[in-house]
Amino acid sequence: MKMVEEDVVIVGAGIAGLATGVALQRLGIRALILEKSQGLRATGAALTLSPNAWFALDALGVAQKLSSLYTPLKTGFVTDVGTGATQAVSYAATGATGFRAGPRPVHRKTLLEALADELPIGAIRFSSNINAIETQSPDGSPIPIIHLSDGTVIKSKILIGCDGVHSVVARSLGLGAPVDSGRSAVRGLAVFPDGHGLKQEASQFLDVGIRAGFVPLNEKEAYWFLACKSSPKGEMMERDPELVQTEVLENYAKDFPEIYKDMVRHSDLSTLTWAPLMFRYPWDIVFGYLRKGSITVAGDAMHPMTPDLGQGGCAALEDAVVLGRHIGNSLIKNGGLFLGAVAQDLDGYVQERKWRVSWIVVGSYFSGWIQQAGSNWWMKFLRAIFYKFLITKIIRIADYDCGKLPKVSFSSELGNSKKIE
């Protein structure tokens, strides 16, 4: 058995885990990130980052190298497949500039690599599977102990679970398991070697029980998605991208406009994914165990949500900055990371995050329900109201600045730190 001691261990090298690692690195705190995969995972092909995500990336010092690669979306169009009626949607206020100029679609792999590049060599330990998590209290303060499948045992002052929807760390806290929304989503990357010729606009298509769309990433690539009621073939499609493509073209999107089906036909099959849409009940977030001692969670491990507001990754980036700020403040106040003080500051992080992310979970679920529900007259009426009035209010969730990280000066010892005014 090999025993290792660390100041901070982060489980999961997805968006939340890498961003949290970068936040702590900015504070001079080295975190060990445990990732069960053999390399960085890019499941999902792409995602759209709203202003709140860009403010968080700016706090992490990563925004500029990404924002220069991607163009903001100003407008989009929503088409009712049954009637052909199209409605315009604005994604940014008139004259908005900077991070508020509109959401930007980003390759997930590019985002992960940009975050990982900010970390020191050896910060990510791949192929690390967790067998068990326990706590020991030799002096009255519980210390997280992580047991890995290769026999390594890691003792850490702080343990942060960023290990996704089926989080091992969340389970160790006693958080209620995420629930299946009854819907699934397909995501893929369409590649056009000679260019797709599309404007930088988002396109959505609504049919009974189905919501789909696409958005250009650059001149030759576009990200597309389809959300629908879960299929009995779901488990097979999770393993077979060709079956996913066939099912979308011949079943789910058979009545959709050619422009959408052309996206599906041009898919890079290696990027195609089919997955059930899970979420955590908001009351489990507000009243559940998000912290125990110096153990907490962030990203999907805390607040899995349906993708209907495009806020999963954005909220994870917010988590990283807010969590880093509270840990940094603990470091500054106490001159080091001390278990009792850290636990109190982690509680501050939980209190700051739980209400906001709970409302985002609720808004995402409601948005998906109203957009994908039936075709009777009152649902069509609600949908029209949603796109004309409510969508702008919901989008304001994304117009949020989570704040900055504290500036800390260091001597050679972690315990010798102070705030820079």
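## The model as a whole

What you see is a predicted model, in which local features need pLDDT of at least 70 and side-chain atom pairs count only at pLDDT 80 or more, while totals for chains, interfaces and linings use all residues. Residues are numbered from 1 along each chain as its sequence is written, and side-chain values use heavy atoms, with hydrogens and water left out.

The protein has 12 helices and 19 strands; these are DSSP runs numbered from the N terminus, with helices being H or I of at least four residues and strands being E of at least two. Of its 421 residues, 55% are buried, where buried means under 20% relative accessible area, exposed means over 50%, and partly exposed lies in between (1.4 Å probe, protein chains only). The accessible surface comes to about 18200 Å², and 53% of that belongs to carbon and sulfur atoms; such areas come from the Shrake-Rupley method with a 1.4 Å probe, and for residues only the protein chains shown count as cover.

## Helix α2

Let's go back to α2, which spans residues 51-60. Nine of its 10 residues are buried, so α2 is largely enclosed by the rest of the structure. Among these buried residues are Trp 54, Phe 55, Leu 57 and Leu 60.

## Two helices side by side

Now look at α7 (residues 241-252) and α8 (residues 258-265), whose axes come within 10 Å and cross at roughly 165 degrees. Axes here are lines fitted to C-alpha atoms, for helices over the stretch in contact, and angles run from 0 to 180 degrees between N-to-C directions. The two helices are therefore roughly antiparallel to each other, a label for angles over 145 degrees.

Gln 245, Val 248 and Leu 249 of α7 make the contact with Tyr 260, Lys 261, Val 264 and Arg 265 of α8, contact meaning heavy atoms within 4.5 Å. These residues divide into four nonpolar, one polar and two charged. Ala, Val, Leu, Ile, Met, Phe, Trp, Tyr, Cys and Pro count as nonpolar, Asp, Glu, Lys and Arg as charged, and the others, Gly among them, as polar.

Ile 210 lies in strand β13 (residues 210-216) and is buried, with a relative accessible area of 10%. Its C-alpha atom is separated by 7.3 Å from that of Lys 229, 19 residues apart along the chain.

Ser 270 lies in the loop between α8 and β15 and is exposed, with a relative accessible area of 66%.

Definitions and conventions. Parallel < 35°, antiparallel > 145°, perpendicular 65-115°, else oblique.
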